[in-house]
Amino acid sequence: MKVRYSYLGQQFADPDPVLAEIKKLVATGDFTLGKPLVEFEKRFADLIGVKHAIGVGSGTDALKLPLKAVGIGHGDEVITAANTFIATVGAIAELGARPVFVDALDNFCLDVSQVEKAITPRTKAIMPVHFTGEMPDMPELVKIAKKHNLPIVEDACQAILAECDGRRAGTWGVAGGFSLHPLKNLNVWGDGGIAVTNDDAVAARLRLLRNHGMANRDEIEILGYNSRLDSLQAVVGNWLIPQTADITAKRIENGAYYDRHFGQISGVTIPSRSPRIKRVFHLYMVFAEDRDALHKHCLDAGISAKVHYPIPVYRQRGLSHFGHKLGDFPVTDRQADRVLSFPVDQHLSREEQDHVIETVREFYARRR
Ligand SMILES: *Cc1c(COP(=O)(O)O)cnc(C)c1O
């Protein structure tokens with residue numbers, strides 16, 4: 001039995017309803033900042049429970065533009081997680097700012113207790129990453145941010161509908177960014193992102209920033225970017241957004257099923273699962289003894305298991321100018337050697353999950 005990682009073929013098995021809407025859009029020519037985008041932004045804001053949602057060109061821009069909106073620029077430092085996806089770092093660095101990394105906890109999120117000692121006079125913002133769909137201790141982080149008068153911009157790209165203490169990802173900071181990339185929980189047919197905020201002034205700035213800083217056809221208010229979510233992608237988003245609650249529920253159910261069964265396999269360690277967090281399993285990741293051999297065993301059995309990530313971002317060649325070396329973030333390093341991700345999406349069948357569990361069980365049984 002093959003267990004694939006990408007489910008996009010299943011998700012869009014019948015594209016006709018979306019194509020019918022796109023056909024209508026084409027007839028209007030309303031391709032940029034069009035009516036479908038206005039509708040999608042309204043629905044997304046309602047989904048998260050915020051005042052404003054602003055569609056942008058990518059998840060990366062859904063982080064970069066809010067950072068810019070709160071004044072981040074050249075020479076500033078932004079505190080973020082050492083174990084994140086490159087896009088977090090890219091968003092910070094594109095503004096000429098420097099990412100200052102903090103190590104992770106075994107829940108894959110920022111170790112909030114280490115944030116304060118990373119603060120310097122140049123620190124201008126904190127960007128926690130809700131990695132895998134998990135969340136760090138947000139009340140504690142907010143306390144630290146308030147004490148030092150620093151804005152929080154949340155990287156919620158993997159965490160749509162995740163919650164800490166009953167409060168949604170993206171609503172803790174001054175703004176939060178979500179990705180609509182095809183592999184994310186709520187996705188479109190290409191690149192896309194959306195930033196959320198309850199702050200009217202930040203929302204107004206984001207709307208300017210994504211559209212060349214144009215106040216209107218003739219007037220440029222500030223220097224901005226070309227980073228609009230296409231009307232066409234908003235059509236796809238509008239079609240999918242009513243399914244977000246079900247997608248989330250199914251991923252949580254699949255994650256719980258894995259936890260129950262993997263929890264009985266010595267060789268596999270389930271990450272810590274705080275009851276304060278509603279984690280939405282963008283990724284289902286465990287710690288595995290002899291990870292590389294297990295990974296190969298799974299691939300040989302037709303299971304598309306993945307490693308997020310074998311080389312932590314802080315040690316990547318392209319970031320060598322930041323001057324980090326192996327061992328700077330030991331928890332992140334340990335995760336790089338031990339984590340393995342299994343498909344957990346809403347289209348995964350129970351049979352496929354059982355095959356994954358059985359394959360892992362068999363691997364460890366054979367070596368004892
Ligand atoms: C996907 C993702 C992003 C944004 O990526 P895009 O490809 O630009 O949408 C940012 N941070 C994290 C943690 C992500 O997983």
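In this predicted model, strand E1 (residues 52-56) runs antiparallel to strand E9, and the two are paired over five bridges. Within that pairing, His 52 stands opposite Thr 197 in E9. E9 also has strand E8 (residues 175-179) as a partner, again in the antiparallel sense, here over four bridges, and on this side Gly 177 stands opposite Ala 195 in E9.

How many of the five residues of strand E9 are buried? Five of the five residues of this strand, which spans residues 193-197, are buried, so E9 is largely enclosed by the rest of the structure. In a regular strand, side chains alternate between the two faces of the sheet. In E9, Gly 193, Ala 195 and Thr 197 point one way while Ile 194 and Val 196 point the other way, and all of them are buried.

**Aromatic rings**

The model contains 16 aromatic pairs. One of them joins Phe 85 and Tyr 309, whose ring centres lie 6.1 Å apart with the planes at 25 degrees; because planes under 30 degrees apart count as stacked, this pair is stacked. Which parts of the chain does the pair tie together? Phe 85 belongs to the loop between strand E2 (77-81) and helix H5 (86-94), whereas Tyr 309 belongs to the loop between helix H10 (291-300) and helix H11 (330-338), so the contact ties together parts that are 224 residues apart in sequence. Phe 85 is partly exposed, with a relative accessible area of 36%, and Tyr 309 also counts as partly exposed, at 24% relative accessibility.

Elsewhere, ring pairs link Tyr 258, Phe 262, Phe 281, Tyr 284 and Phe 342 into a cluster. Rings also take part in contacts with lysine: Lys 64 lies over the face of Tyr 225, at 4.3 Å from the ring centre, and the charged end of Lys 306 sits over the ring of Tyr 5, 5.0 Å from its centre.

**Pocket and cavities**

Rolling a probe the size of a water molecule over the atoms shows where empty space is left. The largest pocket has a volume of about 510 Å³ and is lined by 31 residues, of which Gln 158, His 181, Leu 183, Lys 184 and His 282 lie nearest its centre. The elements giving two or more residues to this lining are helix H4 (59-69) and H5, and H4 gives the most, with three residues.

The table sets out the two linings by residue class.

| Space | Nonpolar | Polar | Charged |
|---|---|---|---|
| Largest pocket | 14 nonpolar residues | 11 polar residues | six charged residues |
| Largest cavity | eight nonpolar residues | five polar residues | no charged residues |

How values were computed:
Residues are numbered from 1 along each chain as its sequence is written. This is a predicted model: local features need pLDDT of at least 70, side-chain atom pairs count only at pLDDT 80 or more; totals for chains, interfaces and linings use all residues. Side-chain values use heavy atoms; hydrogens and water are left out. Rings of Phe, Tyr and Trp (its six-membered ring) pair if their centres lie within 6.5 Å; planes under 30 degrees apart count as stacked, over 60 as edge-to-face and the rest as tilted. Buried means under 20% relative accessible area, exposed over 50%, partly exposed in between (1.4 Å probe, protein chains only). A charge sits over a ring if NZ of Lys or CZ of Arg is within 6 Å of the ring centre and within 35 degrees of the ring normal. Two strands pair if DSSP finds at least two bridges between them. On a 1 Å grid over the protein atoms alone, a cavity is a set of points where a 1.4 Å probe fits but cannot get out, and a pocket is an open set with protein on both sides within 12 Å along at least five of seven lines; lining residues have an atom within 4 Å of a point. Grid points are joined across faces, edges and corners, and a volume is the space filled by probe spheres set on the points. Ala, Val, Leu, Ile, Met, Phe, Trp, Tyr, Cys and Pro count as nonpolar, Asp, Glu, Lys and Arg as charged, and the others, Gly among them, as polar.
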